[in-house]
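Subject: Structure for you to look at

Hello,

Here is the structure I promised to pass on. Please open it alongside this note, and my findings follow below.

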Amino acid sequence: MPMNVNESQLKAIQHGKGPMLVLAGPGSGKTLVITLRTQQLIEEYGINPQNILVITFTKAAAEEMKERFHVLTNGKYTGVNYGTFHAIYFTILKYAYHYNASNIIRDDQKNQYFKEIIEQLQLEIEDEKEFILSLSSEISLVKGERMDLDHYYSINCSDEVFKKIYQAYENRMRKSNLIDFDDMLVLCYELLKERADILAIWQKKYQYILIDEFQDINKVQYDIIRLLALPENNLFIV
């Protein structure tokens, strides 16, 4: 190993096939471990860089990880896939549905849809801006945790009203051929669940998956990862 790593870190870095869960606090060298493990997979286990997927929660973290790997290996290996959950899952959707950036709803469009729906339903709202913000978070939660709308209890309005707003918002987006950030996850899950042929292509591509800050994952992100990691389950989560 080119750097000072302790025994626990070395064990994680040198882990071979199959799943591994690494518990590590802030400042304990998580990025270093993921970076060195990626190098180990290529140099010691002969894995093609293009078959390695490294997922982080922010774009900045993905860029930092990529840069650190580049410096560590003197730019010797290209092709390792770095990205956020949304970026990776949107890539899968792009190939299947030919989506591009123009299919992602903008914040101003989203707010406009909600305003029009509130008007149509003739709702009396004290603070419209605050209501829309809370509503947007709730819809995100429902999608992210793959909840059944019939068994969801809204904290912002009556369940009946929430259901109407949710469905009206979904209808507006579908008519305009738009998706929001949560749809990237939900649609990707549905696609991979229903199309074994498409799933097999991405399983073959992402043979080794490494995830940072795994504690922040939601249900739909996790469900997709479980599908992608099969059948080998070479899943390294920190």
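Helices (H or I, at least four residues) and strands (E, at least two) are taken here as DSSP runs, numbered from the N terminus. Please bear in mind that this is a predicted model, where local features need pLDDT of at least 70, side-chain atom pairs count only at pLDDT 80 or more, and totals for chains, interfaces and linings use all residues. Residues are numbered from 1 along each chain as its sequence is written, and side-chain values use heavy atoms, with hydrogens and water left out.

Let me start with helix α7. Glu 160 sits in this helix, which covers residues 159-175. With a relative accessible area of 55%, Glu 160 is exposed (over 50%; buried is under 20% and partly exposed lies in between, using a 1.4 Å probe and protein chains only). From Glu 160 to Arg 174 there are 14 residues in sequence and 21 Å in space, C-alpha to C-alpha.

Next, the strands. Strand β2 (residues 52-56) runs parallel to β3, and four bridges join them; two strands count as paired if DSSP finds at least two bridges between them. Opposite Asn 81 in β3 you will find Leu 53. To get from β2 to β3 the chain passes through helix α3 (residues 59-72), in a right-handed β-α-β crossover. Right-handed means that, with the strands pointing away from the viewer, the path from the first strand over the helix to the second runs clockwise. In a regular strand, side chains alternate between the two faces of the sheet. Strand β3 (residues 81-84) is covered on both: Asn 81 and Gly 83 are buried on one side, Tyr 82 and Thr 84 on the other.

Finally, the salt bridges (a side-chain nitrogen of Lys or Arg within 4 Å of a carboxyl oxygen of Asp or Glu). There are 15 of them by this rule. One joins Glu 213 to Lys 30, with the closest N and O atoms 3.3 Å apart. Glu 213 is in the loop between β4 (208-211) and α10 (219-229) and Lys 30 is in helix α2 (residues 30-43), so this pair ties together parts 183 residues apart in sequence. Glu 213 is partly exposed at 27% relative accessibility, whereas Lys 30 is buried at 16%.

Another salt bridge pairs Asp 183 with Lys 143, at 2.8 Å between the closest N and O atoms. Both Asp 183 and Lys 143 are buried. These two also belong to a salt-bridge network with Glu 170, Arg 174 and Asp 180.

Best wishes
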